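Dear colleague,

I am passing on the structure we spoke about, together with some notes on what was found in it. Please read the notes with the model open beside you.

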Amino acid sequence: MIVGIPKEIKNNENRVAITPAGVAALVQNGHTVRIENSAGLGSGFTNEDYTAVGAEIVATAAEAWNADMVMKVKEPLPSEYGFFREGQILFTYLHLAPEAELTRALVEKKVVAIAYETIQLDNGALPLLMPMSEVAGRMSVQIGAQFLEKPYGGKGVLLGGVPGVQKGEVVVIGGGIVGTNAAKMALGLGANVTIIDVNADRLRQLDDLFQGRVQTLMSNSFNIANAVKKADLLIGAVLIPGARAPRLVTEDMVKTMAPGSVIVDVAIDQGGSIETCDRVSTHDNPTYERHGVIHYSVANMPGAVARTSTLALTNVTLPYAVLLANKGYRQAIAENRPLSKGVNVIDGKVTYKAVADAQNLPYTPLDEALMVKN
Ligand SMILES: NC(=O)C1=CN([C@@H]2O[C@H](COP(=O)(O)OP(=O)(O)OC[C@H]3O[C@@H](n4cnc5c(N)ncnc54)[C@H](O)[C@@H]3O)[C@@H](O)[C@H]2O)C=CC1
Ligand SMILES: CC(=O)C(=O)O
């Protein structure tokens, strides 16, 4: 199989979908890997690092997209839709729920669109989302701490306080991977931390994990309103896999926050969990203000720490890429249930229910979509 690796084009997206170790594994399995010129530089990998293990370097995006399987990091942008072709495997983060235009293009071009973020183990874990959620969760606190500083427009609060002075209040909504990693960092800085989740068992686990050093709260609008009011730093970290993020923090709640407080809505890639996070921001221009509160809603946070993120991401994507390349998508998804959950669009049909529901499109179960072709 020919595997294509285009250079990422999203704002400040410095990650790349494959490392030299990944190229070596695919080449050893008899595949051809085409990498767009300088695609790895943002993560510290040169063309020579790739050619040394058998990759071909191609000059243009069109040549990298001319492949049986295209591996990327972020969702394709409109300038890339023209490269799609029928039956091509696209293996990347897609976050289709808030992306009507991209979903339409994948359906129309009959791409086999496999989303990293919906590959799911039988225990519910999302193994290809997890490492980037670890990164973004950890980053959310360092970013929040920076924007709380006066020169960055914040209220001038040090999250850890100092002896004799109140600590900062960090409120995290969603106690999964992002939320847990945010809490670890916030506790490390010495802040007071509250985690809100809808899953009572998860709250129990978090209480055990942090040995009572975080305040856990059940997610409901009463508890959220009270917590948001006192937050110096509010972090949005909820997820319902594949679905548009639930809007849990209303504009009225944001109005109760003190001026110069900071919101980091990590869940913006699924449409955002805070009503006033009404746009996706970029690393170039990451913040905007609503009701005196600084809002940060960058959808590719890990792209800023690309070396760490590329290594962490490709550790988990490579085994699935090798499986897809060796067996072809039909056999690979028939044999591997977690991988089959990653299939969002196939043969012009939306096969992930939460995506179909979010887009008001017909939903076709994967078995049915595959049967039609047989
Ligand atoms: N902006 C960025 O650069 C990045 C964004 N993300 C995004 O961060 C979000 C969170 O990801 P993970 O932590 O990996 O997900 P996760 O599945 O590990 O955790 C989500 C948590 O949200 C909770 N939840 C669901 N509905 C809720 C509600 N109504 N109230 C309170 N809690 C609720 C769940 O019980 C779960 O504990 C996702 O949208 C993910 O795509 C992840 C990495 C990078
Ligand atoms: C998860 C995701 O969308 C990212 O790492 O950019």
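The shell around ligand 1 is made up of 17 nonpolar, nine polar and two charged residues, where Ala, Val, Leu, Ile, Met, Phe, Trp, Tyr, Cys and Pro count as nonpolar, Asp, Glu, Lys and Arg as charged, and the others, Gly among them, as polar. This is a predicted model, in which local features need pLDDT of at least 70 and side-chain atom pairs count only at pLDDT 80 or more, while totals for chains, interfaces and linings use all residues. Residues are numbered from 1 along each chain as its sequence is written, chains are lettered from A and ligands numbered from 1 in the order in which they are written, and side-chain values use heavy atoms, with hydrogens and water left out.

Of the 28 residues around ligand 1, those that come nearest are Ser133, Asp197, Ser219, Asp269 and Met301; a residue is near a molecule if one of its heavy atoms lies within 4 Å of it. At least two residues of this shell come from each of α5 (130-147), α6 (177-189) and β8 (192-197), and α5 gives the most, with three residues. Helices here are DSSP runs of H or I with at least four residues, and strands are runs of E with at least two, numbered from the N terminus.

Oxygen atoms of ligand 1 lie 2.8 Å from a backbone N or O atom of methionine 301, 3.2 Å from a polar backbone atom of alanine 299 and 3.3 Å from a polar backbone atom of leucine 239. On its own, ligand 1 has 870 Å² of accessible area, of which the protein covers 89% (Shrake-Rupley method, 1.4 Å probe).

**The surroundings of ligand 2**

Ligand 2 is surrounded by Arg15, Lys74, Tyr93, His95, Leu129, Met132, Asp269, Ala299, Asn300 and Pro302, a shell that divides into five nonpolar, two polar and three charged residues. Side-chain atoms approach its oxygen atoms: a polar one of lysine 74 at 2.7 Å, a polar one of histidine 95 at 2.7 Å, and an N or O atom of arginine 15 at 2.8 Å. The protein covers 95% of the 220 Å² of accessible area that ligand 2 has on its own.

**The chain as a whole**

The protein chain has 13 helices and 15 strands, and its C-alpha atoms fill a box of roughly 65 × 45 × 35 Å, taken along the principal axes.

With kind regards

Note on methods: A polar contact is a pair of N or O atoms within 3.5 Å; within protein, one must be able to donate a hydrogen and the other to accept it, and residues adjacent in sequence count only if both atoms are side-chain atoms.
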